[in-house]
Amino acid sequence: MLQNTGKLAGCTLFITGASRGIGKAIALKAAKDGANIVIAAKTAEPHPKLPGTIYTAAQEVEAAGGKALACVVDIRDEKQVGEAVQKAVDRFGGIDILVNNASAISLTGTLETPIKKVDLMLGINLRGTYMTSKMVIPHLLKSRRPHILNLSPPLNLNPTWFKNHTAYTMAKYGMSMCVLGMAEEFRGQIAINALWPKTAIQTAAMDMLGGEGIAKQCRTADIIADAAYAILSQPKDYTGHFLVDEDILKEHGVCDFDQYAVQPGDLMQTQQPSVPSQSCGSMMVFDWSPGHPLLPDFFLDEAPETLVKQMEQHGATPAFKPSTKPHQTSDGSSSRGPIESTFDLIREVINGDVVKSTQGIYQFDLSGEHAGVWFLDLKSGSGSAGQGQPPVKADVVMAMDSADFSKMFLGQLKPTMAFMSGKLRIKGDMTLAIKLEKLMSHMSKAKL
């Protein structure tokens, strides 16, 4: 972990979305220096599914050594943002640092994204970030340590990062464009930078998006908190940078990244070439465990397909592999092809309990060598699966190449990676899509 240096002692940080996750982690890191933390978030009452409120976060900040001000703020609401900024100034005498962390996400295509959801993402990610910055900047101009840090990615215009979730990318890149423009506008007056994780970070949002088992492929929010602390400790002429957490920490001498893994494993060591003395030098840099390859985050330059191969090279072996012999059906005859074989395996796993816990009907539109339409009914009776349209309208429609379909159900292709790389397109209920991943996990445990 990056050690605290006390550089943020007495500073006032205004952090949006700080009631949980990354925002709270940054708050607690700064609190250890004795900073003042304004927790600007919506959650005043406990959420049935999400942990923490602005008040529990405030208690943690004060327990860590900081001073806290909890403000109920929807950053789409100009009045609420303005009132929270004024309360911060009245309480602490000013604002030194703004962390734009609040964000909304929906990884859906153009036809599947309701306008209400588009408005939500643009309202929070783009408009909210811009408006909060606009209201805080007059106070930052009076500070001796003025800084804005947006939790947003580098502006990567590779169409891969647009085609599956155009609205989300537009909204998230809006935060990054605020950095691009404002850093130049206020150069020499305010440091304005962006920070993005190299790997997925375990948060409530990631748990909902990734489903069962996603945590072991993530790092904790501590790595973002450490990277943010390193950035916010810089002078105001350190500006206009789009930074990745792991890169900035290496520059500050952090060499053991396994410590940030949600599920650390046996360390894998890689010798690094000589670099400036402030960083790891010729020390061993500890990477992630071969048994627990980490899921890369969106928007970085490396192609998702390449990352899949790297995960396999780091020991992400399939939980089970397809038999080298043709699969035998119940009547002793050989299956007709890989899709039929895959559905034979699926039929062996589904039962009344699976149906009861899933309650969804799936349609698979397959292209490529074994093109066709298949269905999986996990809503009625003991479940059923076969070729053709489902008996009733599907809750989820998944479109992909037939070869990738077989790989996905046989454990050779992670559904999350298939979705990220554009190999898998999903229409319908995302919650049910995640439940299907659990079925694949059951197949794995059955060692089919």
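**Helix pairs and cores**

Helix 3 (residues 78-92) and helix 4 (residues 115-140) cross at roughly 25 degrees, their axes coming within 10 Å. Helices (H or I, at least four residues) are DSSP runs numbered from the N terminus. Axes are lines fitted to C-alpha atoms over the stretch in contact, with angles from 0 to 180 degrees between N-to-C directions. Angles under 35 degrees count as roughly parallel, so helix 3 and helix 4 are roughly parallel to each other. E78, V81, G82, V85 and V89 of helix 3 meet M131, T132, M135, V136 and H139 of helix 4; contact means heavy atoms within 4.5 Å.

This is a predicted model: local features need pLDDT of at least 70, side-chain atom pairs count only at pLDDT 80 or more, and totals for chains, interfaces and linings use all residues. Residues are numbered from 1 along each chain as its sequence is written, and side-chain values use heavy atoms, leaving out hydrogens and water.

Now take helix 11 (residues 338-349) and helix 13 (residues 402-409). Their axes lie 10 Å apart at an angle of about 30 degrees. Helix 11 and helix 13 are therefore roughly parallel to each other. P338, I339, T342, F343 and I346 in helix 11 meet S402, F405, S406 and F409 in helix 13.

F364 touches F343, F405 and F409, among others. F364 is also among the residues with the most contacts inside the largest nonpolar core, which has 76 residues. Such a core is a set of buried Ala, Val, Leu, Ile, Met, Phe, Trp, Tyr and Cys residues joined through side-chain atoms within 4.5 Å; buried means under 20% relative accessible area (1.4 Å probe, protein chains only). A second, separate core of 45 residues includes A41, I223, A230 and F257.

Note on methods. Buried means under 20% relative accessible area, exposed over 50%, partly exposed in between (1.4 Å probe, protein chains only). Helices (H or I, at least four residues) and strands (E, at least two) are DSSP runs, numbered from the N terminus. Angles under 35 degrees count as roughly parallel, over 145 as roughly antiparallel, 65 to 115 as roughly perpendicular and the rest as oblique. Lists of a residue's contacts leave out its neighbours within four places in sequence.
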